Amino acid sequence: MIVVEQEPATSLGGQAFWSLGGLFLVDSPEQRRLGIRDSHELAWRDWLGSAGFDRAEDAWPRRWAEAYVEFAAGEKRAWLHGMGVRFFPVVGWAERGGALATGHGNSVPRFHVTWGTGPGVLEPFVRRVHDAVARGLVSLRFRHRVSVLTVTGGAVSGVEGERLAPSDVERGVASSRDVVDAFALRAPVVIVTSGGIGGDHDLVRASWPARLGAPPARMLSGVPAHVDGRMLGVAAAAGARVVNGDRMWHYTEGIENWAPVWRRHGIRILPGPSSLWLDARGRRLPPPLFPGFDTLATLEHIARSGHDHSWFVLTQAIIRKEFALSGSEQNPDLTGRSIRKTLSRVLPGAPPPVEAFKQRGVDFIVERSLDVLVGRMNALAGDDLLNVPSIRREIEARDDQLANGFAKDAQITAIHGARRYAGDRLIRVARPHRLLDPKHGPLIAVRLSVLTRKTLGGLETDLSARVLGADGTPVPGLFAAGEAAGFGGGGMHGYRSLEGTFLGGCLFSGRIAGRAAAGRT
Ligand SMILES: Cc1cc2nc3c(=O)[nH]c(=O)nc-3n(C[C@H](O)[C@H](O)[C@H](O)COP(=O)(O)OP(=O)(O)OC[C@H]3O[C@@H](n4cnc5c(N)ncnc54)[C@H](O)[C@@H]3O)c2cc1C
């Protein structure tokens, strides 16, 4: 087997290295230990409520989704565990939904963070690849960029492209595209695993659907430049069908990385539910658009606001308990598998990476007085859209809802509800308090930008990962897996994700593609 990769060897592992290693598992021992009752049926209902499959192109994605949820509720954990993968014991509750039981979101916490984060997920696979290289079974060709899938007699028979100039850039840093030579390789089977389009903002904008409003003028990149989407066009030129290209999963809680690795490098805040979320004009986002509830609906709301940013307003007490940052490099305790540092998550004080952003990130403002805070928010946005009296009125009304242990305000009710889950109470959801109570201060405002990340559509594949052509029959010799295949079928998430489903979708579809292709050679 030959692995053809445009980046240098330092980037082996692609996006997974940068990931938090969060995996969607159903009815796991970790969930049961926390008293969470989950089941395959519940997860499938949640998946359907989130995916919203509604078009002819959803036929294969829906079948992939069914197979994937079964995998997540069955073999997935044991398979990974058998390879040495372990999980952080507190299961996270991502995409809480917040609407009806049949709608979007996880009914229960299912986000299992891998001990060692993304690099921990990669480890057993990288080890096996290096082993296979040593045994002469696999050859790695870095700095080889595929530009053509060779077609002979109607079947894909190899790849052609350019050899790029050697590059010693560090992992994730954009490498040069200087061409030194051409190459061509013949193979009876080709598997495309080239990732999504999130690194190319022009492609993201071109794919942006009208139903989400206008694409933001300014976006951050949550993926390295190599996530360029080029290969989707290359596969299409060989007869592959790309479906559901208008479905994407971009985050609304992006902040500029103060120590960027790639251009426009943004980090996603994984928020707990307590921050007050305001649009660019200072209006509170409507229910259920609370932090961590419904990514796509929030994205639509912000895109339709006519502005490309929104705001979190919170307190020191909230940031220290509720702010987590996505990505392996922002979680050195988990990535480095340090029990001592990880245990400090239950202690008072924000984790060091969050504190570093608070002090050095351009998007963070920390002030004791609301008047000064709002003045600085306007200065950061470069306008005067925010008005102190109306923001004060909004916050005071919210704060007054805390007089009882129950409330009319849906966000306050959601916070009370979340704290009934032990994992949230322990490390994720701050004790409800008045935002204007100086005891919990200082006040913090965070400017949030849209952060490009995942591509939900892709190459249409059948359940053996064979790529399908325009007439719905397989393109001979061509398989696809991972984000390039919409994580299976050309979009197994439909419109929305339950989170932690991307890495798992890559593992699942990659395993199927590998086995099917091996059976063909
Ligand atoms: C910061 C971050 C956090 C994340 N956290 C999570 C998480 O917690 N849970 C989760 O489920 N998912 C997470 N994800 C998403 C997940 O990591 C990705 O969806 C997944 O790793 C994609 O893997 P892939 O192999 O399909 O594509 P990629 O990792 O993008 O790899 C594709 C490879 O193909 C190469 N390539 C592309 N085109 C060509 C060409 N023409 N010729 C040669 N080579 C080419 C690229 O250089 C790249 O190395 C996260 C992603 C990021 C960036």
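Author: Domain bounds here come from an automatic or database domain assignment. The model is predicted, so local features need pLDDT of at least 70 and side-chain atom pairs count only at pLDDT 80 or more, while totals for chains, interfaces and linings use all residues. Residues are numbered from 1 along each chain as its sequence is written.

Reader: Into which domains is the protein chain divided, and how far apart do the C-alpha centres of domain 1 and domain 2 lie?

Author: Domain 1 comprises 1–194 + 229–247 + 456–521, and domain 2 comprises 250–453; their C-alpha centres lie 31 Å apart. Two residues are in contact if their C-beta atoms, placed from the backbone, lie within 7 Å, and the contact between these domains takes 30 residues from domain 1 and 25 residues from domain 2.

Reader: Which helices supply at least two residues each of the side of domain 1 that touches domain 2?

Author: Helices are DSSP runs of H or I with at least four residues, strands are runs of E with at least two, and both are numbered from the N terminus. On that side of domain 1, α1 and α6 (117–134) each supply at least two residues, and the largest share, three residues, comes from α6.

Reader: How should I read the radius of gyration of the protein chain?

Author: The radius is taken over C-alpha atoms, and the globule rule is 2.2 Å times the number of residues to the power 0.38. With 521 residues, a compact globule would have a value near 24 Å, and the protein chain agrees because its own value is 23 Å.

Reader: How can the span of helix α4 be checked, and which of its residues are buried?

Author: The expected span of a helix is 1.5 Å times one less than its number of residues. The 15 residues of α4 (residues 59–73) should therefore span 21 Å, and the end C-alpha atoms are 22 Å apart, which agrees. A residue is buried if 20 or more other C-beta atoms, placed from the backbone, lie within 10 Å of its own; among the buried residues of α4 are Trp60, Trp64, Tyr68 and Phe71. The cover over the buried residues of α4 includes β2 (22–24), α3 (40–51), α5 (75–82) and α18 (501–520).

Reader: How many residues surround the ligand, and which helix gives the most to the shell?

Author: A residue is near a molecule if its C-beta atom, placed from the backbone, lies within 6 Å of it. Around the ligand there are 36 residues, with Gly14, Ser19, Gly22, Gly195 and Gly482 the closest, and α18 gives the most to the shell, with five residues.

Methods. A residue is buried if 20 or more other C-beta atoms lie within 10 Å of its own, exposed if 12 or fewer, and partly exposed in between; C-beta atoms are placed from the backbone.
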